[in-house]
Amino acid sequence: MIATTSRPAPAASPADHPVLPSLLSRPYPAVMGVLNITPDSFSDGGQFVAPERALAQARRMIAEGADIIDIGAESTRPYGAQPVFAEEERQRLQPILAGVVALGVPVSIDSMKSSVVAWALDAGAAIANDVWGLQRDPDMAALVAARHCPVVIMHNRDRADASIDIMKDIAAFFTRSLDIAGKAGIASGNIVLDPGIGFGKTHEQSMTALARLRELSVFGLPLLVGASRKRFISSVMPSEPQQRLGGSIAAHLVAAQGGARIIRTHDVAETVQALRVAAAIEGQGLEGQAIRGQE
């Protein structure tokens, strides 16, 4: 268990952004569709660099049921991603972001650079998605606090270490991030936690984080899980990224059962269907229990 390593989240504030309550109020998790406008992302690098293709993909994901579009212009894959300067990241986003924002669903900016996040928020993005959980860019927390925007705080490590208790490491990381958030004045209602499946973890540790996800409820904050097409799936059933739909859905259903309220995926239609059917089945089970309880 990890409860002893956690701290309370920052206090709630009138500055809470309205986008999260609307996304989290449903009986099934919200779905965040991945839009990578990068040449080197592990699963779909290069497919959506052209603005017209990126916009078409965003429209398709929204039609398939995406509640959020998560757009990233720098690959954050943990194996051999090439870092880019902030200016190049903005240049990739510039011909695409406004068009995606205009489609009418909340847009999340997947960037570890506060200058890029600030630019994207100015262009209409609503959510900051920081794969280093406010701990890499010293200006990120102050920016999020000043803009009163939701932020996804993701657990990460520079390298995997099979010898550690990954749940204790995740909890300690979140404790540090929430301390940073609290000192910066980020409202608790604007924070989402992401255990960072596949980032700085062995395959077994990624699966442990999914299996023990409910332990992270000690933080009292909504959880986001993105296991889509991740390499740990291939450790169970050898497969290339585009062949991991079944494993992705299995992982995301486990995550939903463990309390995840947002699921980040490349495969929106299939994920939406799986989550809603699972929720409907569970709803029937709860209804049956209520009826038996009245007898």
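This is a predicted model: local features need pLDDT of at least 70, side-chain atom pairs count only at pLDDT 80 or more; totals for chains, interfaces and linings use all residues.

Mentor: On the side of helix 5, the residues Ser114, Val117, Ala118, Leu121 and Asp122 make the contact with helix 6, where they meet Met140, Leu143 and Arg147. By class, this contact comprises 5 nonpolar, 1 polar and 2 charged residues. Helix 6 spans residues 140-147, and its axis lies 9 Å from that of helix 5, at an angle of about 20 degrees. Since angles under 35 degrees count as roughly parallel, helix 5 is therefore roughly parallel to helix 6. The crossing of helix 5 with helix 6 is right-handed.

Helix 5, which covers residues 114-122, also packs with helix 3, residues 86-93; their axes come within 9 Å and cross at roughly 25 degrees. Helix 3 and helix 5 are therefore roughly parallel to each other as well, and their crossing is right-handed. Here helix 5 contributes Ser115, Val116 and Trp119, which meet Ala86, Glu89, Arg90 and Leu93 of helix 3. This contact divides into 4 nonpolar, 1 polar and 2 charged residues.

Helix 7, residues 166-184, and helix 8, residues 203-211, pack at about 70 degrees, with 9 Å between their axes. The range for roughly perpendicular is 65 to 115 degrees, so helix 7 is roughly perpendicular to helix 8. The crossing of helix 7 and helix 8 is right-handed. From helix 7, Ile166, Met167 and Ile170 take part, and they meet Gln205, Thr208 and Ala209 of helix 8. The contact of helix 7 with helix 8 has 4 nonpolar and 2 polar residues, and no charged ones.

Side chains of opposite charge can pair when their charged atoms come close. The structure holds 14 salt bridges. One of them joins aspartate 67 to arginine 26, with 2.3 Å between the closest N and O atoms. This pair links distant parts of the chain, 41 residues apart: aspartate 67 is in the loop between helix 2 (51-63) and strand 2 (68-72), and arginine 26 is in the loop between helix 1 (19-24) and strand 1 (30-36).

Finally, a word on confidence. The average pLDDT of the protein is 91, and 87% of the residues score at least 70. Over residues 4-9, however, pLDDT stays under 50, and for this stretch the model has 13 contacts beyond four places in sequence.

Terms used:
Residues are numbered from 1 along each chain as its sequence is written. Side-chain values use heavy atoms; hydrogens and water are left out. Axes are lines fitted to C-alpha atoms, for helices over the stretch in contact, and angles run from 0 to 180 degrees between N-to-C directions. Helices (H or I, at least four residues) and strands (E, at least two) are DSSP runs, numbered from the N terminus. Angles under 35 degrees count as roughly parallel, over 145 as roughly antiparallel, 65 to 115 as roughly perpendicular and the rest as oblique. A crossing is left-handed if the near helix is turned anticlockwise from the far one by less than a right angle, and right-handed if clockwise. Contact means heavy atoms within 4.5 Å. Ala, Val, Leu, Ile, Met, Phe, Trp, Tyr, Cys and Pro count as nonpolar, Asp, Glu, Lys and Arg as charged, and the others, Gly among them, as polar. pLDDT is the predictor's confidence in each residue, from 0 to 100. A salt bridge is a side-chain nitrogen of Lys or Arg within 4 Å of a carboxyl oxygen of Asp or Glu.
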